[in-house]
Amino acid sequence: MRAVTWQGKRAVSVEDVPDPQIREPGDAVIRITSTAICGSDLHLYEVLGPYMSAGDILGHESMGIVEEVGAGVTGVRPGDRVVVPFTISCGECWMCTRGLQSQCETTQVTEQGSGASLFGFSALYGQVPGGQAEYLRVPHADYGLITVGGDLPDDRYLFLSDILPTAWQGVKYADVPDGGTLAVLGLGPVGQFAARIGAHLGARVLAIDPVPERRAMATRHGIEVFDQGPEGLDAIRDATEGRGPDAVVDAVGMEAHGSPVAGAAHQVVGLLPDAVGQKVMETAGVDRLAALHTSLDLVRRGGTVSLSGVYGGATSPMPLLKMFDKQIQLRMGQCNVRHWTDDLLPLVEESRDPLGVTDLVTHRLPLEEAAPAYSMFQKKHDGCIKVVLDPARS
């Protein structure tokens with residue numbers, strides 16, 4: 001089959017690789033119909049190279065048709081249309097039964113001290129082949145697949161794999177009071193959904209992003225938008241009687257753009273030998289913390305900051321004096337996708353599309369164009385907000 005493979009820092013290519021096979025009774029093999037490039041994929045593209053091996057298959061936002069199932073699979077069958085959550089979880093362990101599927105004790109990557117295995121996401125999370133490919137093997141298929149209807153287009157369902165539940169969890173963790181205010185930092189795909197979800201749940205949403213196309217997209221969904229910088233932050237404070245918003249979702253994370261120090265750290269880590277680079281990631285602070293520090297500064301006293309953006313530095317400094325003084329609550333974590341499925345599936349199937357899932361994809365391209373698509377997405381060229389790759393398209 002053809003698949004998108006990691007080949008080095010800022011280098012991906014589409015290669016011929018072996019077709020996936022049923023290995024365990026609980027496995028299923030999926031024929032992929034849509035697979036997206038996520039902001040988290042850019043971390044592998046840029047800074048997490050020490051945990052990657054040339055030829056690793058990328059991708060963790062996928063859906064398609066069940067082609068084959070193992071002898072122990074009873075919940076899905078060949079021909080079913082399914083979404084594949086990016087977290088690989090069993091549904092039966094202590095963590096899964098408590099809604100913490102991203103900490104699944106069956107698939108935890110204990111040798112790395114990490115939580116549940118993830119599709120297409122480095123040795124840190126199990127080095128499981130990902131879904132930017134023609135076919136995908138899915139372990140624990142009875143629990144790890146979301147069966148969906150056949151009438152609506154893929155774009156209605158695809159984002160149940162990651163970014164929609166990630167945004168939903170981020171807003172839920174933000175714990176905005178009834179009629180309260182929510183600020184969203186960053187209007188990439190997760191930020192777009194977080195802003196729309198906040199508005200859907202009744203909050204007044206104010207969002208910051210430096211990219212005009214992203215601000216324009218959010219405006220279409222009733223979000224109040226501001227350019228990045230002191231004037232935007234002051235406007236949000238003015239809109240909240242000087243206190244700041246009740247909650248902030250940081251949907252930026254460890255992106256290094258605009259931070260020379262973090263950018264240099266990412267460059268160095270990406271060029272080090274794997275063992276050395278891993279040690280630096282595990283013991284140093286390599287994050288751009290501007291978005292996090294802005295969130296902590298902006299939120300009102302007694303408010304909540306919810307981190308949906310991914311951070312990777314082990315010793316990144318935190319302003320604990322300010323956090324303690326302001327009595328800030330801080331919540332974060334990898335998304336527990338299956339915990340939110342029942343809340344989200346009816347919303348994506350609703351005819352009026354209340355979360356705007358059909359207004360996110362800016363580029364739908366053949367799988368073979370993955371390399372330029374990665375570059376375009378990282379550089380935010382051509383108004384690129386979300387890329388979906390189609391293995392069947394030429």
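Me: How accessible is Arg352, buried or exposed?

Reply: Arg352 counts as exposed, at 57% relative accessibility, where exposed means over 50% relative accessible area, buried under 20% and partly exposed in between, with a 1.4 Å probe and protein chains only. Please keep in mind that this is a predicted model, in which local features need pLDDT of at least 70 and side-chain atom pairs count only at pLDDT 80 or more, while totals for chains, interfaces and linings use all residues. Residues are numbered from 1 along each chain as its sequence is written, and side-chain values use heavy atoms, with hydrogens and water left out.

Me: Which side chain does Arg352 meet in a salt bridge?

Reply: The partner is Glu350, at 2.4 Å from N to O, a salt bridge being a side-chain nitrogen of Lys or Arg within 4 Å of a carboxyl oxygen of Asp or Glu. Glu350 is partly exposed, with a relative accessible area of 27%.

Me: How many salt bridges are there in the whole structure?

Reply: The search finds 20 salt bridges. One of them joins Arg137 to Asp27, with the closest N and O atoms 2.8 Å apart. That pair links distant parts of the chain, since Arg137 is in strand S6 (residues 135-138) and Asp27 in the loop between strands S2 (11-16) and S3, 110 residues apart; helices (H or I, at least four residues) and strands (E, at least two) are DSSP runs, numbered from the N terminus.

Me: And what about burial for Arg137 and Asp27?

Reply: Arg137 counts as buried because its relative accessibility is 18%, and Asp27 is buried with a relative accessible area of 2%.

Me: What does Asp246 pair with?

Reply: Asp246 forms a salt bridge with Arg300, where the closest N and O atoms are 2.6 Å apart. Asp246 lies in the loop between helix H7 (230-239) and strand S11 (247-250), and Arg300 in the loop between helix H10 (290-298) and strand S12 (304-307), so the pair ties together parts that are 54 residues apart in sequence. Asp246 is buried at 16% relative accessible area, whereas Arg300 counts as partly exposed at 22%.

Me: Which residues are linked in a network of salt bridges?

Reply: Asp234, Arg237, Asp297 and Lys322 are linked in that way.

Me: Switching to rings, how many aromatic pairs turn up?

Reply: The whole structure has three aromatic pairs. Among them, Phe159 and Phe193 form a tilted pair, 5.8 Å centre to centre with 55 degrees between the planes; rings of Phe, Tyr and Trp (its six-membered ring) pair if their centres lie within 6.5 Å, and planes under 30 degrees apart count as stacked, over 60 as edge-to-face and the rest as tilted. Phe159 is buried at 1% relative accessible area, and Phe193 counts as buried at 0%.

Me: Which charged end sits over the ring of Tyr173?

Reply: That is Arg331, 3.8 Å from the ring centre, the criterion being NZ of Lys or CZ of Arg within 6 Å of the ring centre and within 35 degrees of the ring normal. Arg338 lies over the face of Tyr143, at 5.0 Å from the ring centre.

Me: Last topic, what is on the two faces of strand S15?

Reply: Both faces of S15 (residues 387-390) are covered, with Val387 and Leu389 on one side and Val388 and Asp390 on the other, all buried. Strand S3 (residues 28-37) runs antiparallel to S15 and is joined to S15 by three bridges, while S14 (residues 363-366) pairs with S15 in the parallel sense over four bridges, strands counting as paired if DSSP finds at least two bridges between them.
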